[in-house]
Amino acid sequence: MARSTRTLLVGLAVVGAGILLAALRVNPYVYFAGYVILQYVVMATAWNILGGYAGYVNFGTPAFFALGAYTAVFLIQSTRAPLPVLILAGGLVSGLLGLGIGYLTLRLRGVFFSIATLALSIVLQTMIINWEYVGGSRGLSVIRPSGPPFGSYVTFLFAVMVLLSVMAVTVARFIERSWVGRGLAALRDNEEAAECMGVPTLRLKLFATTVSGVLLGVAGAPFPYYVTFVEPTSAFNLDYAVNALAMPMIGGTTSWVGPVIGAVLLGTAQQLATVTISSEMNLFIVGVVLVAFVVLAPEGIVGLVRRVRGR
Amino acid sequence: MAPALLEVDGLTKRFGGFTALNGVSLDVTPGERFGLIGPNGSGKTTLINCVSGALPADGGRIRFEGRDITAVPAHRRTRLGIVRSFQIPKPFTSMTVAQNLAIPLEYAAGARSDGADVAAEAMEILRTIGLESKAHTRPAGLTQIEMRKLELARAMAAKPKLLISDEAMAGLSSAEIDDILAILFRLNERGITIIMIEHIMRAVMRFSERIVVLDAGERIAEGTPDAIVRNPVVEKAYLGE
Amino acid sequence: MVAGLLLGGFYAAVSLGVSLIFGLLDIANIAQPAFVILGSYAAYVMNSSFGLDAILTGLLFTPVFYVLGAVVYRLYYGSFERRGEESLRGLVFFFGVLFIIEVSLSLKYGVDYRLVEAAYIGKSIDLGGVGIAFRLLVPCLVGLAMTLALHLFLSRTFYGRAVMAVSQDRLALRLMGADPVRIKTIAFGVGIAAASLAGALLITIAPVVPSTDRDYIGRMFAITVLGGMGSIAGTLVAAVILGVAESLMSTFFGPSWSLAVSFGILLVALAVRPAGLLGR
């Protein structure tokens, strides 16, 4: 089992590097920006488990992400629960949302699932806006816990996100290489044939939707502590919908590498760009690049590299 | 007489106002070579879709090995041993030929195999069918007949008790038809019951021990190939009014 | 309640494009709401710069939108349909288009609410004791007219019937001597052209921002699915049902729940599918 051990070591090394970086207390901007990029690694990976592996497109990423964030807000307000509990709870609730939406729509053609997720964000946002306990439309301030490791809470969150992204990628990689992943690939390629070849397509789809939801919720749970002021517009930001989708599609959807590449490239570019161009312009460019890739290079960067290598 | 492997009892299927199958009944005995023919639109593929579970029936029952499977989902029917190939090949395009076989080996046959090495088994099946040289090619790089063979190979990998071959020979040359027929005969020799749906008469007549004829969703004739050929009702159905 | 009925007529107008493109052609054009908003902004620009009536603008721009629709379809067809890869990438393509349109409008016009002026906005007539705002009445009537027009187009004209044929059987269409791709281009163009007028109606009823399109995604698809995919009459009935339901919901629970209504109806319609109310 040399390969698994090697993977474990690589994962641990990355986490170690992240912790080291946190401990070094370099320019705080590194941690602020790094958090966002790593958050996107988780989100892109989560999206890809359903979108890339199974072929079901989720347009409602903000809904799952925000649900994780607002679950955390709720728990912070009511019980002052520690961060690990927030993360677990956020993942659980978003996972249930995924399961629910999946159960209602996955027996039908994939396009109906996608349409439902498209409408989902708006509906959920409306509901949150009307829920005063978590701040409603005005938003809510949360106070970060005191005495964080690494001195600054954001630095601590950065380290947490390093851990979460390594976990997310590990989960994705594990699924991809397992019999579940092969079944998902079969149902993505041809669902009817897969079902007739013994693949329990509905069950696998529900699995993918749930895991994807869990990871998105996990990505959202630390968000309140990161921003300290949570309000629906930022939690349900359209950025998330587009990026969570564009990053895997640009990076490449068939393997766990694609979302990571896409998240790092696009995330870094956007962090650099926010200083120079408006956020709308930024989104516009992402949209154009996305369409360009979908039309011209559907296999993403990973696919382009493969073609260049001649495989 | 051996108990039937597959019993279709009064199967009905409607699409909106159109009745595709109207109370069709038939039995298939274990080890039989069974032919299902009928003019275009007679309901053959619909019948197969209902038997395999791709479509839910509107009426009637389906029994396999004595057990009522009318409500059993398609993937579980495959695991029970009912396997179909598709008229228009539906390969898994992102995988190699060998990987295409790995799916049914793992998912359908996994329940009933001895845990043997999947890759080796896949190669063995490909050797039987003559595709071993293309084992690591993607379906996009296959010819028509190779795609048809892949369909059959995939079905074989699911370790069927009942194999339903849906127009596997349409559009093939005479030599290619013989090729596929030989494979089907060999499978039958191993004890696999085969239902063949075909338009290519010489193939069906040569292959089948017993034939059922459908027309406009109803069973209009049944018998040996000789009897069917001479049956005036069948002739009329094909030549039309 | 009356407002709900009137709203229904308007919702029908908005959903016609989806009914045609998704219901009949089976193309998941989720960018349709963006085209509607584009129509709204076209009306706004014409209205604020030239004082042109919104609905008139909507009508004038239909040829422009038709061409736009034809171009978009050709791009979609060439990139996806022909290669048989519609599902994942086609959806993402349209999402990208939706997104680009919305963000472009944001960049150009900002996020302030935009509205149009017209002689009849702000006035109302009294019918049997119920005050009916022209602001709602006119769009509703135009919506009904559009529905009727599309219905006639599909049932009486050659191209309309060809569209119905293409949705059912491509082979039959070829035998008729028509090219399926051309027919689909025409149908897609008509669907987007409808968005032009629908957008004008939208901005007549209420001020818009670029993100208003997202409010309509759920509504359009809920109506199309509930009405039976591709049934124009069904679309009208479903639209009225939605309009009334939202109205009632708004009266009893407050306006912010109206979007939940369309989403709920969408889910219910999907559960109860496949045929919808009057569908095939």
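Two strands are said to pair if DSSP finds at least two bridges between them. In that sense, strand 1 (residues 6-15) and strand 2 of chain B pair antiparallel, with seven bridges between them. The model described here is predicted.

**The four-stranded sheet of chain B**

- Four strands of chain B make up an open sheet with antiparallel pairing, in the order 2-1-4-5.
- Strand 2 (18-28) and strand 5 (67-68) of chain B are at the edges, and each has a single partner strand, so one side of each has no neighbour in the sheet.
- Within the pairing of strand 1 with strand 2 of chain B, Lys13(B) is placed opposite Leu21(B) in strand 2.
- Helix 1 of chain B lies across strand 1, strand 2 and strand 4 (59-64) of chain B, and runs at about 115° to strand 1 of chain B.

**The six-stranded sheet of chain B**

- Another open sheet of chain B has six strands, in the order 6-7-8-3-9-10, and its pairing is mixed.
- Its edge strands are strand 6 (82-85) and strand 10 (218-223) of chain B, each of which pairs on one side only.
- On average, neighbouring strands of this sheet are turned by 20° against each other, direction ignored.
- Strand 9 (residues 210-215) of chain B runs antiparallel to strand 10 of chain B, and five bridges join the two.
- Val213(B) has Ala221(B), in strand 10 of chain B, opposite to it.
- Helix 1 (residues 44-52) of chain B lies across strand 3 (33-37), strand 6, strand 7 (162-166), strand 8 (193-197) and strand 9 of chain B, at about 150° to strand 7 of chain B.
- Helix 5 (residues 144-157) of chain B lies across strand 6 and strand 7 of chain B, at about 170° to strand 6 of chain B.

**Chain A as a whole**

- Chain A contains 15 helices and two strands.
- The radius of gyration of chain A is 19 Å, close to the 19 Å given by the globule rule for 311 residues, so chain A is as compact as a globular protein of that length.
- The C-alpha trace of chain A spans about 55 × 45 × 40 Å along its principal axes.
- Of the 311 residues in chain A, 56% are buried.
- Among the contacts in chain A with a separation of 6 or more, 80% are between residues 24 or more positions apart.

**Helix 12 and helix 15 of chain A**

- The axes of helix 12 and helix 15 (residues 300-309) of chain A come within 3 Å and cross at roughly 5°.
- Angles under 35 degrees count as roughly parallel, and helix 12 and helix 15 of chain A are therefore roughly parallel to each other.
- On the helix 12 side, Met249(A), Ile250(A) and Gly251(A) meet Gly300(A), Ile301(A) and Val302(A) of helix 15.
- The residues of this contact comprise four nonpolar, two polar and no charged.

**Chain A against chain C**

- In this interface, 34 residues of chain A are in contact with 33 residues of chain C.
- On the side of chain A that touches chain C, helix 4 (83-105), helix 5 (110-129), helix 12 (238-251) and helix 14 (279-296) of chain A each supply at least two residues.
- Helix 5 of chain A gives the most to that side, with 13 residues.
- The residues on that side of chain A are divided into 26 nonpolar, seven polar and one charged.

How values were computed:
Residues numbered from 1 in each chain as written. Chains lettered and ligands numbered in written order. Predicted model: local features only at pLDDT ≥ 70, side-chain atom pairs only at ≥ 80, totals over all residues. Contact = placed C-beta atoms within 7 Å. Nonpolar A, V, L, I, M, F, W, Y, C, P; charged D, E, K, R; others polar. Axes fitted to C-alpha atoms, helices over the stretch in contact; angles between N-to-C directions. Parallel < 35°, antiparallel > 145°, perpendicular 65-115°, else oblique. Rg over C-alpha atoms; globule rule 2.2 N^0.38 Å. Buried ≥ 20, exposed ≤ 12 C-beta atoms within 10 Å, placed from the backbone.
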